[in-house]
Amino acid sequence: MHTYAEVIDYLYHAAPAFEKTGAAAYKEGMANTIALDNHFGNPHRHYAVIHVAGTNGKGSCSHTLAAILQRQGLRTGLYTSPHLLDFRERIRVDGVPVPEERVIRFVEEERAFFEPLHPSFFELTTALAFKYFEEEKVDIAVVEVGLGGRLDCTNVVKPLLSVITNISLDHTQFLGDTLAKIAAEKAGIIKENTPCIIGEIHPETRPVFERIAAARHAPIYFADELLAEAISDGKMAIAESLFELKGACQKRNIRTILAAVKLLRRQMAISDDAITGGLAQVCELTGLAGRWQTVNQQPLVVCDTGHNLAGWQLLAPQIKAVYKEKKRLSKGRSALKIVFGMVDDKDVSGVMDLLPRDAEYFFCQAGIKRAIEARKLVKMAEGKGLRGTPYPTVGEAYAAALRAACNDDFIFVGGSSYVVADFLCFISRTSQP
């Protein structure tokens with residue numbers, strides 16, 4: 001094993017990856033995590049940590065918090081998943097991905113130890129991230145939970161602050177089939193005597209968070225209550241106008257982010273300039289992509305990683321609103337084309353109920369085993385009154401949509417993070433708009 005490509009191929013085949021294989025990669029329990037953590041000397045204890053969980057929004061919140069901390073002048077680690085174009089996106093220091101050589105060295109030097117453990121891909125990735133942050137002498141790391149919280153392998157950290165963005169029904173086969181059960185799993189990141197911010201208030205989940213926080217003597221705050229004064233005097237609207245991320249879901253995320261910053265300011269200096277700069281430059285500072293990302297103007301092409309029912313409850317109205325405005329400006333000439341695919345553990349039927357009926361669909365499947373076959377999506381869509389054509393890959397679906405589009409049209413690409421990943425790979429390879 002000498003090249004980066006060979007090492008990445010080895011990691012995906014030697015250790016099961018949830019995004020590739022689904023449930024077969026899910027390992028309940030912390031035994032491997034603790035063994036890896038002890039082997040590397042508990043590296044996360046050498047820097048401060050902000051731990052971020054939640055059903056939706058945790059990626060945007062994690063990247064934005066990292067951007068603010070970078071603007072403050074702190075050497076900042078950022079660990080997120082999944083990646084879109086390159087594995088190295090998952091592990092960044094001050095926005096720069098981990099070098100290929102470090103990934104190669106990790107596998108070559110440590111495989112004799114970790115192979116007998118049969119760890120998951122995410123367990124290995126987490127161990128690499130925590131060790132790399134220690135080597136790079138970061139001041140602070142923003143660590144995004146992979147799945148759930150309580151049994152997630154990131155949950156060995158002892159953070160300055162725990163953040164839970166929101167709760168909705170997702171990954172129910174692992175986390176539970178009610179909001180309260182899922183909240184209990186996410187609340188596993190609440191630590192003894194450690195402040196926790198909850199991004200959204202829900203009557204079914206609030207008592208769960210309050211009960212677990214009280215048992216752990218952890219101060220708990222709800223974003224809207226903590227920011228009530230800022231919301232009432234218009235400061236929130238100013239912050240929203242500065243925020244580089246423009247998806248409808250970001251109005252919720254920014255409240256979580258600013259509430260988290262308010263609590264962090266009780267423990268460290270964070271200037272107003274760092275906050276405004278981080279909000280305005282999150283993509284440039286951290287490499288964040290795929291969040292209501294505009295990749296072309298004529299025709300308008302937007303992609304978004306929203307991938308479950310809760311995400312689409314915000315995405316669908318935004319798509320419809322943008323299309324309505326395009327039709328108005330073009331005097332009715334605009335058409336809506338949607339490149340759409342999903343994976344097999346999501347509520348596809350529920351999402352399809354939300355999709356615009358007046359769009360032309362280009363159904364596709366991302367290059368992972370969990371992707372639903374495009375022809376199956378067509379059959380499901382027909383039962384919902386949606387019309388479209390199947391394509392074997394995301395690139396072929398997008399190319400067809402682009403060929404069929406005029407300058408006034410609106411093309412949306414999404415349904416899954418993996419659809420967006422394949423789409424961004426395709427346009428980077430082909431120089432397509």
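**A. Cys 303, a buried cysteine.** Cys 303 counts as buried because its relative accessibility is 0%. Buried means under 20% relative accessible area, exposed over 50%, and partly exposed in between (1.4 Å probe, protein chains only). The model is predicted: local features need pLDDT of at least 70, side-chain atom pairs count only at pLDDT 80 or more, and totals for chains, interfaces and linings use all residues. Residues are numbered from 1 along each chain as its sequence is written, and side-chain values use heavy atoms, with hydrogens and water left out. The structure holds zero disulfides (pairs of cysteine sulfur atoms within 2.5 Å). Cys 303 is in none; its nearest cysteine sulfur belongs to Cys 283, 11 Å away. Cys 425 is also in no disulfide, and the nearest cysteine sulfur to it is that of Cys 303, 11 Å away. Cys 425 has 22% relative accessibility, so it counts as partly exposed.

Tyr 79 and Phe 130, an edge-to-face pair. A search of the whole structure finds 16 aromatic pairs. The ring centres of Tyr 79 and Phe 130 are 6.4 Å apart and the planes meet at 70 degrees, so this pair is edge-to-face. Rings of Phe, Tyr and Trp (its six-membered ring) pair if their centres lie within 6.5 Å; planes under 30 degrees apart count as stacked, over 60 as edge-to-face, and the rest as tilted. Tyr 79 sits in strand 2 (residues 76-79) and Phe 130 in helix 6 (residues 121-135), so the pair ties together parts 51 residues apart in sequence. Helices (H or I, at least four residues) and strands (E, at least two) are DSSP runs, numbered from the N terminus. Tyr 79 is buried, at 0% relative accessible area. Phe 130 is buried too, at 3%.

**C. Tyr 398 and Phe 423, a pair between two helices.** This aromatic pair is edge-to-face, with 4.8 Å from centre to centre and 75 degrees between the planes. Tyr 398 comes from helix 19 (residues 394-404) and Phe 423 from helix 20 (residues 417-430), so parts 25 residues apart in sequence are tied together. Both Tyr 398 and Phe 423 are buried.

**D. An aromatic cluster and a charge over a ring.** Trp 292, Trp 312, Phe 340, Tyr 361, Phe 363, Phe 410 and Phe 412 are linked into a cluster by ring pairs. Arg 206 lies over the face of Phe 222, 4.0 Å from the ring centre. A charge sits over a ring if NZ of Lys or CZ of Arg is within 6 Å of the ring centre and within 35 degrees of the ring normal.

**E. The largest cavity.** The whole structure has one cavity of 30 Å³ or more. The volume of the largest cavity is about 90 Å³. On a 1 Å grid over the protein atoms alone, a cavity is a set of points where a 1.4 Å probe fits but cannot get out, and a pocket is an open set with protein on both sides within 12 Å along at least five of seven lines; lining residues have an atom within 4 Å of a point. Points are joined across faces, edges and corners, and a volume is the space filled by probe spheres set on them. The lining includes Thr 33, Asp 37, Glu 123, Phe 130 and Cys 153. Helix 3 (31-39) and helix 6 each supply at least two lining residues. Helix 6 gives the most, with four. By class, the lining has seven nonpolar, two polar and two charged residues. Ala, Val, Leu, Ile, Met, Phe, Trp, Tyr, Cys and Pro count as nonpolar, Asp, Glu, Lys and Arg as charged, and the others, Gly among them, as polar.

Helix 11 (228-232), helix 12 (235-242), helix 13 (250-264) and helix 14 (272-280) each supply at least two lining residues. Helix 12 gives the most, with five. The lining divides into 11 nonpolar, one polar and six charged residues.

**G. Backbone details in loops.** The peptide bond from Ser 81 to Pro 82 is cis, with omega near -10 degrees. Pro 82 is in the loop between strand 2 and strand 3 (91-93). The bond from Gln 298 to Pro 299 is also cis, with omega near 0 degrees. Asn 193 is not a glycine, yet has a positive phi of about 55 degrees. Asn 193 counts as exposed, at 55% relative accessibility.
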